[in-house]
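Biologist: I have a model open and some questions about it. Can you walk me through it?

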Amino acid sequence: MLAGPGDYTPGGFANRQPSQFRTGMKPTQVQATRAGELAMFILIESPFAVACDSPDDYKDKDGKYLLGTDFLKGLPTVWDETRGLAGEVGQYVVEVRRNGKNWYLAAITDRTARELPVPLKFLGKGDWKVSLWEDAPDAGENAEHLVKNEKTVRATDTLQLKLAPSGGTVAIFSPGK
C-alpha cells in the first residue's frame with residue numbers, strides 16, 4: 001500500500017497466537033494479539049476500515065466494553081502526514097501518522113517477539129502526553145491480553161516497545177501534559 005489506500009478488514013477481538021488458532025470457531029479467531037490488530041487500523045490505509053466482529057464480541061461477560069475499544073472510538077479516518085520509522089519486510093514495521101496536532105503510532109511484528117527502540121524525533125517541542133495500548137506481559141500465551149499506559153514524553157526521548165509474537169503496540173501522542 002505504498003502507492004495508496006487498499007481494501008482490508010482488520011481482524012477482531014478473538015485474538016489467538018498462531019499455535020492456538022482454530023478455524024470454525026465462534027466468534028471467528030484472529031492470529032494476532034489484540035494490540036497487533038489495533039495497529040492494523042493505523043498501518044493499513046483504507047477508505048472505510050471496519051472491524052470484522054459482531055458488536056457483541058467487543059463486550060465482556062459483564063457487558064462492559066473491552067480494552068481497545070476506547071482506542072478505536074477516537075481514531076481518525078484521514079491523515080495529514082505519514083512517516084515510516086523502522087521495519088524489515090515480512091518481519092516488523094513501525095509507522096506514525098499525524099492528524100491535526102496528534103500523532104498515532106503503530107507497530108507490529110511477525111511471529112518473533114521483539115524489543116524495538118523508537119526515537120520520538122517526529123514530535124514537536126515541549127511535553128507530549130502519550131497513551132499506549134500494548135501487548136500485556138503474557139500476550140505470548142494470551143493474545144487477547146492488552147495493557148494501557150499513559151506517560152509524558154519529549155522529542156528527545158526513545159520509546160521502548162516490547163512486542164509479543166504476532167503482536168503490536170498503538171499509541172496516541174497529544175501536545176501538552
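Biologist: Is E45 buried or exposed, or in between?
Modeller: E45 is partly exposed, because its relative accessible area is 34%. Buried means under 20% relative accessible area, exposed means over 50%, and partly exposed is in between, with a 1.4 Å probe and protein chains only.

Biologist: What kind of model is this, and how are residues numbered?
Modeller: It is a predicted model, where local features need pLDDT of at least 70 and side-chain atom pairs count only at pLDDT 80 or more, while totals for chains, interfaces and linings use all residues. Residues are numbered from 1 along each chain as its sequence is written, and side-chain values use heavy atoms, with hydrogens and water left out.

Biologist: Back to E45. What does E45 form a salt bridge with?
Modeller: With R97; the closest N and O atoms are 3.6 Å apart. A salt bridge here is a side-chain nitrogen of Lys or Arg within 4 Å of a carboxyl oxygen of Asp or Glu.

Biologist: Where do E45 and R97 lie?
Modeller: E45 is in the loop between α1 and α2, and R97 is in strand β4, so the pair ties together parts 52 residues apart in sequence. Helices (H or I, at least four residues) and strands (E, at least two) are DSSP runs, numbered from the N terminus.

Biologist: And R97, buried or exposed?
Modeller: R97 counts as buried, because its relative accessibility is 5%. R97 also meets E95 in a salt bridge, at 3.2 Å from N to O. E95 is buried as well.

Biologist: How many salt bridges are there in the whole structure?
Modeller: The search finds 11. One of them joins K129 and E150, with the closest N and O atoms 4.0 Å apart. K129 is in strand β7 and E150 in strand β8, 21 residues apart.

Biologist: Which residues are in a network with that pair?
Modeller: Salt bridges link D70, K129, K148 and E150 into a network. K129 is partly exposed at 33% relative accessible area, and E150 is partly exposed at 47%.

Biologist: Switching to the sheet. What is the strand order?
Modeller: The order is β3-β4-β5-β10-β7-β8, in an open sheet of 6 strands with antiparallel pairing. β3 (81-88) and β8 (146-153) are the edge strands, each pairing on one side only. The twist averages 15° from one strand to the next. Two strands pair if DSSP finds at least two bridges between them.

Biologist: How many bridges do β5 and β10 have?
Modeller: Strand β5 (residues 102-109) and strand β10 (residues 168-175) pair over 6 bridges, in the antiparallel sense. Y104 stands opposite I172 in β10.

Biologist: Which helix packs on the sheet?
Modeller: Helix α1 (residues 34-43) does, touching β4, β5, β7, β8 and β10 (contact means heavy atoms within 4.5 Å). The direction of α1 makes about 125° with that of β5. Axes are lines fitted to C-alpha atoms, for helices over the stretch in contact, and angles run from 0 to 180 degrees between N-to-C directions.

Biologist: How many aromatic pairs are there?
Modeller: The count is 4. Rings of Phe, Tyr and Trp (its six-membered ring) pair if their centres lie within 6.5 Å; planes under 30 degrees apart are stacked, over 60 edge-to-face, and the rest tilted. W79 and Y104 have ring centres 5.3 Å apart and planes at 70°, so the pair is edge-to-face. Both W79 and Y104 are buried.

Biologist: Which rings does W103 cluster with?
Modeller: Ring pairs link W103 with F122 and F173 in a cluster.
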